[in-house]
Amino acid sequence: MRTAARVLALLAERGETLAVAESLTGGLVAAELTSVPGASKSFRGSVTAYATTLKRDALGVDGTLLAERGAVDPEVARQMAAGVREALGAAWGIATTGVAGPEPQDGQPVGTVYLAVVGPGGTGKVAALRLNGDRAEIRRESVRSVLELLLGELHENARTLDMEQNGGT
């Protein structure tokens with residue numbers, strides 16, 4: 001089973017929803033999710049915030065952070081995921097930001113990618129990637145990696161909830 005299908009099955013089983021904020025992937029994460037039959041049970045929608053100003057205006061990323069560090073930054077990824085989660089009313093938010101090429105951006109080399117997952121309660125994880133390959137390969141690997149990151153967080157969240165419900169044992 002593809003990662004997108006596994007993610008959506010887990011979300012549906014738990015009655016939770018997902019929203020996606022994309023920059024370098026330009027809608028590819030949403031496309032991967034919506035290629036799965038029944039995705040609408042859990043997938044709320046996405047924001048493709050390619051322009052830096054949209055990261056600020058549509059997703060609530062701190063303008064000072066964007067001005068000081070640029071859009072290719074781990075904290076920007078985290079704020080994108082938190083912002084899309086809130087904006088679209090989802091339990092989980094994921095985000096991609098980075099440099100697919102062919103030129104460096106914001107002082108970051110091609111292949112620099114930051115992925116984020118923010119879940120219930122605002123907790124989550126950010127991953128930094130240094131990818132090789134052409135633009136298409138970097139974007140494809142970013143999609144695969146953000147869905148794997150989410151899958152890992154869903155499993156971790158389930159373990160934490162199980163421990164809490166069983167008195168920590």
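Helices (H or I, at least four residues) and strands (E, at least two) are DSSP runs, numbered from the N terminus, and by this rule the chain has six helices and five strands. This is a predicted model, in which local features need pLDDT of at least 70 and side-chain atom pairs count only at pLDDT 80 or more, while totals for chains, interfaces and linings use all residues. Residues are numbered from 1 along each chain as its sequence is written, and side-chain values use heavy atoms, with hydrogens and water left out.

**Overall form**
- Read from the N terminus on, the elements follow the order α-β-α-β-α-α-α-β-β-β-α.
- Along the principal axes, the C-alpha atoms fill a box of roughly 50 × 35 × 30 Å.
- Of the 169 residues, 48% count as buried, where buried means under 20% relative accessible area, exposed over 50%, and partly exposed in between (1.4 Å probe, protein chains only).

**Salt bridges**
- A search of the whole structure finds seven salt bridges, each being a side-chain nitrogen of Lys or Arg within 4 Å of a carboxyl oxygen of Asp or Glu.
- E32 and R2 form a salt bridge whose closest N and O atoms are 3.0 Å apart; the pair links distant parts of the chain, with E32 in helix α2 (residues 28-34) and R2 in the segment before α1 (3-14), 30 residues apart.
- In the salt bridge of D57 and R56 (2.7 Å, N to O), D57 counts as exposed at 54% relative accessibility, whereas R56 is partly exposed at 39%.
- D73 pairs with R69 in a salt bridge at 3.3 Å between the closest N and O atoms; D73 is buried at 8% relative accessible area, and R69 is partly exposed at 45%.
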